[in-house]
Amino acid sequence: MSPASSIIDVAALARLGPDPDVVISSRVRIARNVCGLPFVNRATHAQRHEVLRVLRKAVERSVSPGLAWLELHGAAPRDRTLLVERHLVSRHFAESDSPRALAVSPDERTSLMVNEEDHLRIQVLQSGLALDSCFSTAFGVDDALAGAVDWAFHARWGYLTACPTNVGCGIRISAMLHLPALRMTREIERVQNAAKDLHLAVRGYYGEGSVTDADFFQISNQTTLGSTEEALLAEFRDVVLPRLVAYEREARQQLLTRDRLLLEDRVHRAQATLRAARLLAHDEAMRLLSRVRLGAALGLLPVDMARVQRLMLEIQPAHLSLLRPEAAGGDDAERAVRADYVRQALA
């Protein structure tokens with residue numbers, strides 16, 4: 001196995017987990033700030049370095065020693081982009097030039113962003129529907145660090161964070177969902193409107209600031225104040241997520257029953273285009289792979305859904321240039337290499 005393949009193998013988004021037909025991944029993220037130091041957006045360069053020093057010492061002392069520590073202000077551009085494509089850091093975090101770091105476990109399940117919007121963002125990401133596991137792991141890290149760091153905390157308001165919507169317990173629970181049938185049946189706007197009423201955030205494939213392209217939607221709680229961590233988890237896991245998953249599955253059955261020919265035409269056309277195209281932009285490839293993934297999930301195409309899942313990661317610009325260095329030769333070269341790579345994968 002090549003080093004590039006080994007890197008991709010550990011990515012959460014390269015694998016299928018529980019309920020893979022709809023749920024791409026689950027994530028729990030916790031925001032914390034060091035008491036006595038200004039929030040990142042108000043901190044000086046020296047104070048941000050102090051945050052790095054304090055948290056690196058705490059992480060190395062209290063959390064698993066297997067975590068790799070990477071200071072992003074010294075990282076190469078492609079390495080930063082790889083981290084974004086693997087959903088380990090935000091695009092804003094990757095592109096910033098301030099002192100910041102990422103600590104990540106060998107399996108990439110657990111990662112810690114230092115000096116993003118808050119001093120610390122603990123993140124646990126897993127394939128498929130795995131919220132309970134993400135939750136317990138994330139708070140295990142939080143408990144370990146609490147013995148080494150004094151967090152900014154208010155007796156009335158709870159944990160203090162840079163963004164008001166995170167004040168309280170500082171937790172964001174989210175799932176990446178594949179909702180192609182709801183878009184095809186034009187029900188996705190109803191879902192987005194309902195999400196607002198339920199105080200949920202709906203974002204695109206790359207999280208905050210990204211568009212909801214290719215039928216992939218990141219759904220998360222939007223507020224944490226006035227609720228416990230356990231209550232937020234229970235509502236999201238037992239109420240919100242099951243309803244969304246059931247709604248998508250019902251839409252798929254509706255298409256199979258009422259518009260089967262149209263559905264078959266769309267998934268077969270997508271597969272045919274991917275098998276024939278000589279130039280593929282990333283956004284077009286993702287839209288087509290979304291439909292192929294739907295066809296695989298419904299048994300309409302003889303395609304391995306796990307292979308499609310892996311392709312979604314591999315065709316991203318930085319990953320593609322890692323697998324095929326010639327893809328770094330400019331936009332036309334990248335589109336040609338991507339098309340060739342996908343044709344071979346789906347042959």
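This is a predicted model: local features need pLDDT of at least 70, side-chain atom pairs count only at pLDDT 80 or more; totals for chains, interfaces and linings use all residues.
Student: Are helices H5 and H8 roughly parallel or roughly antiparallel?

Tutor: Helix H5 covers residues 131-146 and helix H8 covers residues 229-258, and their axes lie 11 Å apart. The two helices pack at an angle of about 165 degrees. Angles over 145 degrees count as roughly antiparallel, so the relation of H5 to H8 is roughly antiparallel.

Student: How many nonpolar, polar and charged residues does the contact of H5 with H8 have?

Tutor: From H5, the residues involved are Leu-131, Asp-132, Phe-135 and Phe-139. They meet Glu-229, Glu-230, Leu-233, Phe-236, Arg-237 and Leu-241 of H8. Sorted by class, the contact has six nonpolar, no polar and four charged residues.

Student: Is Arg-237 buried, partly exposed or exposed?

Tutor: Arg-237 forms a salt bridge with Asp-238, with the closest N and O atoms 2.7 Å apart. Buried means under 20% relative accessible area and exposed means over 50%. Because its relative accessibility is 28%, Arg-237 counts as partly exposed.

Student: Which residues are linked with Asp-118 in a network of salt bridges?

Tutor: Asp-118 forms a salt bridge with Arg-121, their closest N and O atoms being 2.9 Å apart. Both of these residues are buried. The network links Asp-118 with Glu-116, Glu-117 and Arg-121.

Student: By about how many helical turns are Asp-340 and Arg-343 separated?

Tutor: A salt bridge joins Asp-340 and Arg-343, the closest N and O atoms being 3.1 Å apart. Both lie in helix H13 (residues 331-345). Because they are three residues apart in that helix, their separation is about one helical turn.

Technical notes:
Residues are numbered from 1 along each chain as its sequence is written. Side-chain values use heavy atoms; hydrogens and water are left out. Axes are lines fitted to C-alpha atoms, for helices over the stretch in contact, and angles run from 0 to 180 degrees between N-to-C directions. Helices (H or I, at least four residues) and strands (E, at least two) are DSSP runs, numbered from the N terminus. Angles under 35 degrees count as roughly parallel, over 145 as roughly antiparallel, 65 to 115 as roughly perpendicular and the rest as oblique. Contact means heavy atoms within 4.5 Å. Ala, Val, Leu, Ile, Met, Phe, Trp, Tyr, Cys and Pro count as nonpolar, Asp, Glu, Lys and Arg as charged, and the others, Gly among them, as polar. A salt bridge is a side-chain nitrogen of Lys or Arg within 4 Å of a carboxyl oxygen of Asp or Glu. Buried means under 20% relative accessible area, exposed over 50%, partly exposed in between (1.4 Å probe, protein chains only).
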